[in-house]
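Subject: Structure handover

Hello,

Here is the structure I promised to pass on. Please open it alongside this email. My notes follow below.

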Amino acid sequence: MHLQGFGHGVTNNPPAKHGNTYVSCLDIRTGELVQRSRTEAGHTLVYREPESLAVRTKPRTRLCVGFASGEAGARKFSLCYKP
């Protein structure tokens with residue numbers, strides 16, 4: 001799996017459009033794109049730059065997506081998940 005996108009900006013990725021973060025599934029044998037989906041997880045965060053992706057298996061299987069968020073000079077790490 002692959003996570004990509006940009007932090008919110010005034011002109012290139014405005015928060016009003018809920019960001020441009022995509023989760024992609026690649027075939028590990030060929031590198032071929034299997035599926036690509038846009039996620040609006042955490043779209044209300046200030047800044048919201050995609051940083052990491054993980055799968056949690058216990059207690060339930062969840063796809064976890066990490067974002068840098070907050071004002072410049074005081075960034076935070078926000079974690080969102082999807083069942």
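One term first: two strands count as paired if DSSP finds at least two bridges between them. With that in mind, S69 stands opposite K76 in β6. L63 stands opposite K82, also in β6.

Please note that this is a predicted model. The protein chain has an average pLDDT of 89. A score of at least 70 is reached by 98% of the residues. Among the elements, strand β3 (residues 33–39) has the highest mean pLDDT, 95. Strand β1 (residues 2–4) has the lowest, 89.

Now the sheet. Three strands make it up, in the order β4-β5-β6. The sheet is open, and its pairing is antiparallel. Which strands stand at the edges? They are β4 (49–56) and β6 (76–82). Each has a single partner strand, so one side of each is left without a neighbour in the sheet. On average, neighbouring strands here are turned by 25 degrees against each other, direction ignored.

Next, the pair β5 and β6. How many bridges join them? Seven bridges link β5 (residues 62–69) to β6, and the two strands run antiparallel. In general, strands of a sheet pair through backbone hydrogen bonds.

Last, the hairpin of β5 and β6. Six residues lie between its strands. In this hairpin, G70 takes a positive phi near 95 degrees.

Best regards

Technical notes
Residues are numbered from 1 along each chain as its sequence is written. This is a predicted model: local features need pLDDT of at least 70, side-chain atom pairs count only at pLDDT 80 or more; totals for chains, interfaces and linings use all residues. Side-chain values use heavy atoms; hydrogens and water are left out. Helices (H or I, at least four residues) and strands (E, at least two) are DSSP runs, numbered from the N terminus. Axes are lines fitted to C-alpha atoms, for helices over the stretch in contact, and angles run from 0 to 180 degrees between N-to-C directions. pLDDT is the predictor's confidence in each residue, from 0 to 100.
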